[in-house]
Amino acid sequence: MTVDLYTDVDRLMALQAEVLGLGLTSRERLRSLLQGRSRTRIRGNGLDIDEVRPYQWGDDPRHIDWKMTARLQKPHVKLFTEERETPMVILVDQRQDMFLGTRLMTKSYAAATLAGLFAWVATLLGEKVEMLIFDDQGITPTSAVSRAAQLPELFMPLVRYNQRLRANNDVPSNPQQLVDALAWTEQRALSNGQLVVISDFIGLDDSGWLLLERMNQRSSVIAVTVHDFLDEHWPESGQYLLCEPGNQAEFDLGNKKTNQTLQKQRQQRLQTVDDHMVRCGALSLQVNTSEPLMIQLSRHLSV
């Protein structure tokens, strides 16, 4: 069985056809997948009042709702809606733990492909898009682009990160890097846009959830959890051979009871991630590596 390990710029550029085939350049259809933000919440003189909420530090005092403030005895402000361009920032995980794939593709390949897909969606809708790519050692930001001809500027650093991954890589795993990447992203002060986080979310702790919650108050957060077939279907006990081009290793999964415990833990982790995303207000999507990505996205669009 062939597993897609790496992507390249040509593959990512070819995703334009997939985006057009799925109809993702229609804002109404895009909303089914991304909660499209053709109308965004802003703190200004928009067309319609979107909501009234408690005052937060940094809100414009001119937009205080004095009637609500008097009634509740706490400052409240009005948020408005307006047609406007919505920048998209894509945070994509290329850590060593993402280099796992037991069926069609590795998690790192799926994450890179999804990042390319979202970049194409933003560009074809005429929006600016930039990427923040991180591994176990650091994070690389790209410049924002708004035209298809500029997309290779985003894709080339993403491909470099993707193609550096190896099964025998001696770079130590750094689960904390996900939280560090989110903290770095928050400092960019993205407002009234779209933040797409593509990761397996291994290593996300309470501080990470808090970061996502705070960012979702300023922007619309989409959390795409990439998981492998083994996360839901842990194999039965026995001897197994793990292979990749040029390398192989044999391992023993032990007894049946231990396996059942491991599978339950992995399934609970996925559910915990989804539950936390919902609680912090983010749109949560789960994507697996054992089924073509476009089939999965089509299914999300049909919901």
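I looked up helix α7 (residues 176-186) and found Q177, L178, V179, A181, L182, T185 and E186 buried. Buried here means under 20% relative accessible area, exposed over 50%, and partly exposed in between (1.4 Å probe, protein chains only). Helices (H or I, at least four residues) and strands (E, at least two) are DSSP runs, numbered from the N terminus.

This is a predicted model, in which local features need pLDDT of at least 70, side-chain atom pairs count only at pLDDT 80 or more, and totals for chains, interfaces and linings use all residues. Residues are numbered from 1 along each chain as its sequence is written, and side-chain values use heavy atoms, with hydrogens and water left out.

Next I checked what the buried residues of α7 pack against: β4 (88-93), β5 (129-134), β6 (139-141), β7 (194-199) and α8 (206-218). Contact means heavy atoms within 4.5 Å.

I then followed β7 into the loop between β7 and α8, where F201 lies. F201 is not a glycine, yet its phi is positive, about 60°. Is F201 buried or exposed? F201 counts as buried, at 3% relative accessibility.

I also looked at Q73, in the loop between α4 (66-72) and β3 (76-83). Phi of Q73 is near 60°, again positive in a residue other than glycine. Q73 is exposed, with a relative accessible area of 66%.

Last, I noted the chain totals. The protein chain has 10 helices and 11 strands. Of its 303 residues, 47% count as buried. Among contacts in the protein chain with a separation of 6 or more, 74% join residues 24 or more positions apart.
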